[in-house]
Amino acid sequence: MTRTPQEVFADHGQRLGTADLDHIAGNYTEDAVLLTPDGAFLGHDGVRRVIGRLLADLPDADWQLDPQFAGGVLFLQWTAATATRRVTDGTDTFVFRDGLISAQTVRYTLTDRKA
């Protein structure tokens with residue numbers, strides 16, 4: 001059964017909360033492409049690497065998301081903060097195919113919070 005982008009995104013958010021990278025990668029197609037400032041990452045292994053690094057950088061973060069859907073594309077502006085670090089300019093774009101994420105761009109700047 002094909003899921004809508006909204007359903008995939010809701011499931012993706014719940015899985016991010018568990019930090020289970022195998023389950024998170026299950027929301028992506030096998031040939032998914034993630035484009036980051038550090039380069040392109042492919043498939044489930046690429047998903048695990050990119051998202052694993054983000055979750056490691058921001059453990060137990062307070063996430064604020066502003067999703068905007070247009071057909072099979074999601075534009076997401078987001079922020080995240082911990083006691084010591086924060087992201088203020090996160091932007092992701094997701095492209096959906098057959099109920100899964102087939103491409104994603106990831107951009108954010110991680111900074112230390114002032115004491």
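This is a predicted model: local features need pLDDT of at least 70, side-chain atom pairs count only at pLDDT 80 or more; totals for chains, interfaces and linings use all residues.

Biologist: Good to know. How many aromatic pairs are there?

Modeller: The count comes to five aromatic pairs. Take phenylalanine 9 and phenylalanine 69. Their ring centres are 6.1 Å apart and their planes sit at 75°, so the pair is edge-to-face.

Biologist: Where do phenylalanine 9 and phenylalanine 69 lie?

Modeller: Phenylalanine 9 is in helix α1, residues 5-18, and phenylalanine 69 is in strand β3, residues 62-70. The pair therefore ties together parts that are 60 residues apart in sequence.

Biologist: Is phenylalanine 9 buried or exposed?

Modeller: Phenylalanine 9 counts as buried, because its relative accessibility is 15% and the cut-off for buried is under 20%. Phenylalanine 69 has a relative accessible area of 30%, so that residue is partly exposed.

Biologist: What about tryptophan 63 and tryptophan 78?

Modeller: Those rings have centres 5.5 Å apart and planes at 40°, so the pair is tilted. Tryptophan 63 lies in strand β3, while tryptophan 78 lies in strand β4, residues 73-81. That pair ties together parts 15 residues apart in sequence.

Biologist: And how accessible is tryptophan 78?

Modeller: Tryptophan 78 is buried, at 5% relative accessibility. Tryptophan 63 is partly exposed, at 31%.

Biologist: Which residues do ring pairs link into a cluster?

Modeller: Phe9, Phe69, Phe94 and Phe96. So the edge-to-face pair of Phe9 and Phe69 belongs to that cluster.

Biologist: New topic. Where is glutamate 30?

Modeller: In strand β1, which covers residues 28-36. Glutamate 30 counts as exposed, at 72% relative accessibility.

Biologist: What does glutamate 30 touch?

Modeller: Leaving out residues up to four places away in sequence, glutamate 30 touches Gly43 and His44. Proline 59 is another matter. It is 29 residues along the chain from glutamate 30, and their C-alpha atoms are separated by 27 Å.

Biologist: Now serine 102: buried or exposed?

Modeller: Buried, at 12% relative accessibility. Serine 102 is found in strand β6, residues 100-107.

Biologist: Which residues does serine 102 touch?

Modeller: Setting aside residues up to four places away in sequence, serine 102 touches Thr29, Asp31, Ala32, Val33, Val95, Phe96 and Arg97.

Biologist: In what sense do β1 and β6 pair, parallel or antiparallel?

Modeller: β1 and β6 pair in the parallel sense, over four bridges. Valine 33 stands opposite alanine 103 in β6.

Biologist: And what about β5 with β6?

Modeller: Strand β5, residues 85-97, pairs with β6 in the antiparallel sense over seven bridges. Arginine 97 has leucine 100 as its bridge partner in β6.

Biologist: How many residues sit between β5 and β6?

Modeller: Two, and the strands form a hairpin. In the turn, aspartate 98 has a positive phi of about 55°.

Biologist: Last topic, helix α3. How many residues does it have?

Modeller: Helix α3 has 15 residues, running over 43-57. From first C-alpha to last, α3 reaches 22 Å. That is close to the 21 Å expected at 1.5 Å a residue.

Biologist: Which residues of α3 are buried?

Modeller: Gly43, Gly46, Val47, Val50, Ile51, Gly52, Leu54 and Leu55.

Definitions and conventions
Residues are numbered from 1 along each chain as its sequence is written. Side-chain values use heavy atoms; hydrogens and water are left out. Rings of Phe, Tyr and Trp (its six-membered ring) pair if their centres lie within 6.5 Å; planes under 30 degrees apart count as stacked, over 60 as edge-to-face and the rest as tilted. Buried means under 20% relative accessible area, exposed over 50%, partly exposed in between (1.4 Å probe, protein chains only). Contact means heavy atoms within 4.5 Å. Two strands pair if DSSP finds at least two bridges between them. The expected span of a helix is 1.5 Å times one less than its number of residues.
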